[in-house]
Amino acid sequence: MALQISATDPEHPALLLELPWHPPLEEWPEEYLVPLPRGISRHVVPYARADDEVIAVKELAQRPAPREYRLLRDLDRIGVPAVDPLAVVTGRTDTVGEPLESVLVTRHLGGRCRTGRCSRRRCAR
């Protein structure tokens with residue numbers, strides 16, 4: 001399967017193509033990573049820069065990655081606060097062609113919503 005990037009915004013795939021999808025996330029070069037504190041996670045979730053955005057990049061198995069992406073989009077549609085899903089990347093392989101985990105890409109949350117009524121684009125006052 002070839003590398004496939006499914007994104008919510010037509011601009012995101014172009015920005016994401018510049019990232020190194022062939023190594024596993026824990027082997028990404030430092031030049032792509034953003035040194036931010038990370039919480040506890042069962043998955044490898046580094047922060048990276050895509051153009052002027054800081055993104056969280058989460059490795060997941062092939063089936064859960066698209067499912068979590070759709071779930072996050074559905075939560076946004078009904079107004080439930082959650083991370084902003086940007087893309088799901090499938091069909092990753094390492095440099096010798098061995099399959100790698102799929103990746104869910106979300107926008108880094110720059111801070112907490114003070115009112116508790118936030119969507120991905122705005123915070124209600």
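## Core, sheet and salt bridges

Of the 16 residues in the largest nonpolar core, the ones that touch the most other members are Leu-16, Trp-21, Trp-28, Ile-55, Val-57, Val-103 and Val-105. A nonpolar core here is a set of buried Ala, Val, Leu, Ile, Met, Phe, Trp, Tyr and Cys residues joined through side-chain atoms within 4.5 Å. Helix H1 (12–16), S2, S3, S4 and S5 each bring at least two residues to this core, and the largest share, three residues, comes from S4. Apart from it lies another core, of six residues, including Leu-60, Tyr-69, Leu-72 and Leu-104.

Some ground rules before going on. This is a predicted model, where local features need pLDDT of at least 70 and side-chain atom pairs count only at pLDDT 80 or more, while totals for chains, interfaces and linings use all residues. Residues are numbered from 1 along each chain as its sequence is written, and side-chain values use heavy atoms, with hydrogens and water left out.

Back to Val-105. Leaving aside residues up to four places away in sequence, Val-105 touches Leu-16, Trp-21, Ile-55, Ala-56, Asp-84, Pro-85, Leu-86, Ala-87 and Val-89; contact means heavy atoms within 4.5 Å.

What about the rings? The count comes to one aromatic pair, and Trp-21 and Trp-28 make it edge-to-face, 5.4 Å centre to centre with 75° between the planes. The rule takes rings of Phe, Tyr and Trp (its six-membered ring) with centres within 6.5 Å, and calls planes under 30 degrees apart stacked, over 60 edge-to-face and the rest tilted. Trp-21 is buried at a relative accessible area of 4%, and Trp-28 also counts as buried, at 4% relative accessibility. Buried means under 20% relative accessible area, exposed over 50%, and partly exposed in between (1.4 Å probe, protein chains only).

### The sheet

In which order do the five strands line up in the open sheet? They run S1-S4-S5-S3-S2, and the pairing is antiparallel. The edges are strand S1 (4–7) and strand S2 (47–50), each pairing on one side only. On average, neighbouring strands of this sheet are turned by 30° against each other, direction ignored. Helix H2 (residues 64–77) packs on the sheet, where it touches S1, S3, strand S4 (85–90) and strand S5 (102–107), and its direction makes about 165° with that of S4. Those axes are lines fitted to C-alpha atoms, for helices over the stretch in contact, with angles running from 0 to 180 degrees between N-to-C directions. Helices (H or I, at least four residues) and strands (E, at least two) are DSSP runs, numbered from the N terminus.

Now for the pairings, where two strands pair if DSSP finds at least two bridges between them. S2 and strand S3 (residues 53–60) are antiparallel and share four bridges, and Ala-48 sits opposite Ile-55 in S3. S3 and S5 also run antiparallel, joined by six bridges; here Ile-55 stands opposite Arg-107 in S5. Then S4 and S5 pair in the antiparallel sense over four bridges, with Val-103 in S5 as the bridge partner of Val-89. S5 is mostly covered, with five of its six residues buried.

### Salt bridges

Side chains of opposite charge can pair when their charged atoms come close. The count comes to five salt bridges, taking a side-chain nitrogen of Lys or Arg within 4 Å of a carboxyl oxygen of Asp or Glu. Three of them are listed here.

| Salt bridge | Closest N to O distance |
|---|---|
| Glu-68 and Lys-58 | 3.1 Å |
| Arg-77 and Asp-74 | 2.6 Å |

Take Glu-68 and Lys-58. Glu-68 lies in helix H2 and Lys-58 in strand S3, so the pair ties together parts that are ten residues apart in sequence. Glu-68 is partly exposed at 24%, whereas Lys-58 is buried at 19%.

Arg-77 and Asp-74 both belong to helix H2, three residues apart, about one turn of the helix. Arg-77 is exposed at 57% relative accessibility, and Asp-74 is partly exposed at 37%.

How far apart in sequence are the parts that Asp-84 and Arg-107 tie together? Asp-84 is in the loop between H2 and S4 and Arg-107 is in strand S5, so the pair bridges parts 23 residues apart. Asp-84 is buried, with a relative accessible area of 5%, while Arg-107 counts as partly exposed at 27%. Salt bridges that share partners join Glu-53, Asp-84 and Arg-107 into one network.
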